[in-house]
Amino acid sequence: MSKTILSGRAVTKKFRGLTAIEDVEFDIPEGAIYGLIGPNGAGKSTLFNLITGYYALTSGEIRFFDRDLASLPTYRRNQAGIARAFQISKPFPALTVRENVRVGAMFGKPERTNFDIVTDEALSIAGITELADRTAEGLTVGALRKLEIARAVATRPKLLLADEPCAGLNPTETEEMVQCLRNVRERGTTVWLVEHDMRAVTSICDRIIVIDAGRKIAEGTPREVVNNPKVIAAYLGTPVEDGN
Ligand SMILES: Nc1ncnc2c1ncn2[C@@H]1O[C@H](COP(=O)(O)OP(=O)(O)OP(=O)(O)O)[C@@H](O)[C@H]1O
């Protein structure tokens, strides 16, 4: 059995009168690819924001390996090995793809000297080595998304939180992104992704957590989740075929 890399106990976040996340529990095993799905406004981004420290918990506990994250600010969580890849990538437009990834490699790691090796590795994992010398300006949505993954991977994270990595991608780009995330896991990074593209999420994830209105309503393998009546009622509408 692999070790738990990230766990949540009674995780709760209230914004004034609104409970965005309520009593959510999770245990993410090291080396896994997990999905987080649910309807718009279910609380998915809020949960990731609690893990990265962008929001403080109202109550509950989040542990990374054996460490309670409560006292750690965002940058310390990143240094500890939690990285996030956003849906909208905001690279430095005038810098090349390689330079943008190098910034990720250097971020918060002044003691490191092998920036070029780490940068090349991240470019390769994301499948954008051939774009390395192009400026970030004018990249396609698919290439920008891979650049976002590469920048996160260049921080050498133990856990990558990915926000809708397949949103707005065509089928070829989606397949490439799925491969990219598999490469990330092969390199030893655990992945937890929010994704609405059910074909992608069911083809790549070992397990999926489903939240609705701030509460966890299901967790299981892709097959279990897509056949779960609660998930069908709250989110899917109709059963979908899992991608396996
Ligand atoms: N900073 C905030 N202040 C007040 N309410 C917030 C804040 N952030 C999120 N919320 C509310 O919390 C609830 C959960 O929002 P969240 O963005 O986490 O949902 P989501 O599942 O990520 O949705 P989507 O799939 O549309 O991105 C929503 O009702 C939202 O309006």
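Predicted model: local features only at pLDDT ≥ 70, side-chain atom pairs only at ≥ 80, totals over all residues.
Figure 1. Helix α3 passes α5 in a right-handed crossing. The two helices pack at an angle of about 35°, and their axes are 7 Å apart. On the side of α3, the residues that meet the partner helix are V97, N100, V101 and G104; on the side of α5, they are L147, A150, R151 and A152. By class, the residues of this contact comprise 5 nonpolar, 2 polar and 1 charged.

**Figure 2. Packing of helix α3 on helix α4.** Helix α3 spans residues 97-106 and helix α4 spans residues 115-126. They pack at an angle of about 120°, with 9 Å between their axes. Helices α3 and α4 are therefore oblique to each other. The crossing of this pair is right-handed. Helix α3 contributes R98, V101, R102, G104, A105 and M106 to the contact, while α4 contributes F115, V118, T119, A122 and L123. The residues of the contact of α3 with α4 divide into 7 nonpolar, 2 polar and 2 charged.

**Figure 3. Helices α5 and α6 side by side.** Helix α5 covers residues 141-153 and helix α6 covers residues 171-186. Their axes come within 10 Å and cross at roughly 10°. That angle makes α5 roughly parallel to α6. From α5, the contact is made by G142, R145, K146, I149 and V153; from α6, the partners are E173, E176, M177, C180 and V184. In the contact of α5 with α6 there are 5 nonpolar, 1 polar and 4 charged residues. Helix α5 also lies across strands β6 and β7, running at about 170° to β6.

**Figure 4. The open sheet of 6 strands.** The strands of this sheet follow the order β6-β7-β8-β3-β9-β10, and their pairing is mixed. Strands β6 (82-85) and β10 stand at the edges with a single partner strand each, so one side of each is left without a neighbour in the sheet. Neighbouring strands are turned by 20° against each other on average, direction ignored. Within the sheet, strand β7 (residues 159-163) runs parallel to strand β8 (residues 190-194), and 5 bridges join them. In this pair, D163 stands opposite V194 in β8.

**Figure 5. Strand β9 and its partners β3 and β10.** Strand β3 (residues 33-37) and strand β9 (residues 207-212) run parallel and are joined by 4 bridges. Here L36 stands opposite I209 in β9. Strand β9 also pairs with strand β10 (residues 215-220), in the antiparallel sense and over 5 bridges. Residue D212 stands opposite R215 in β10. Strands β9 and β10 form a hairpin with 2 residues between them. In the turn of this hairpin, A213 has a positive phi of about 50°.

Figure 6. Strand β4 (residues 59-64) runs antiparallel to β5, with 2 bridges joining the two. In this pairing, F64 stands opposite R67 in β5.

**Figure 7. Surroundings of the ligand.** The residues around the ligand are F15, L18, A20, G38, N40, G41, A42, G43, K44, S45 and T46. Strand β2 (18-29) and helix α1 (44-52) each supply at least two residues of this shell. The largest share, 3 residues, comes from α1. By class, the shell has 4 nonpolar, 6 polar and 1 charged residues.

Methods. Residues numbered from 1 in each chain as written. Near = placed C-beta within 6 Å. Nonpolar A, V, L, I, M, F, W, Y, C, P; charged D, E, K, R; others polar. Pairing = 2+ DSSP bridges. Axes fitted to C-alpha atoms, helices over the stretch in contact; angles between N-to-C directions. Parallel < 35°, antiparallel > 145°, perpendicular 65-115°, else oblique. Left-handed = near helix turned anticlockwise from the far one by under 90°. Contact = placed C-beta atoms within 7 Å.
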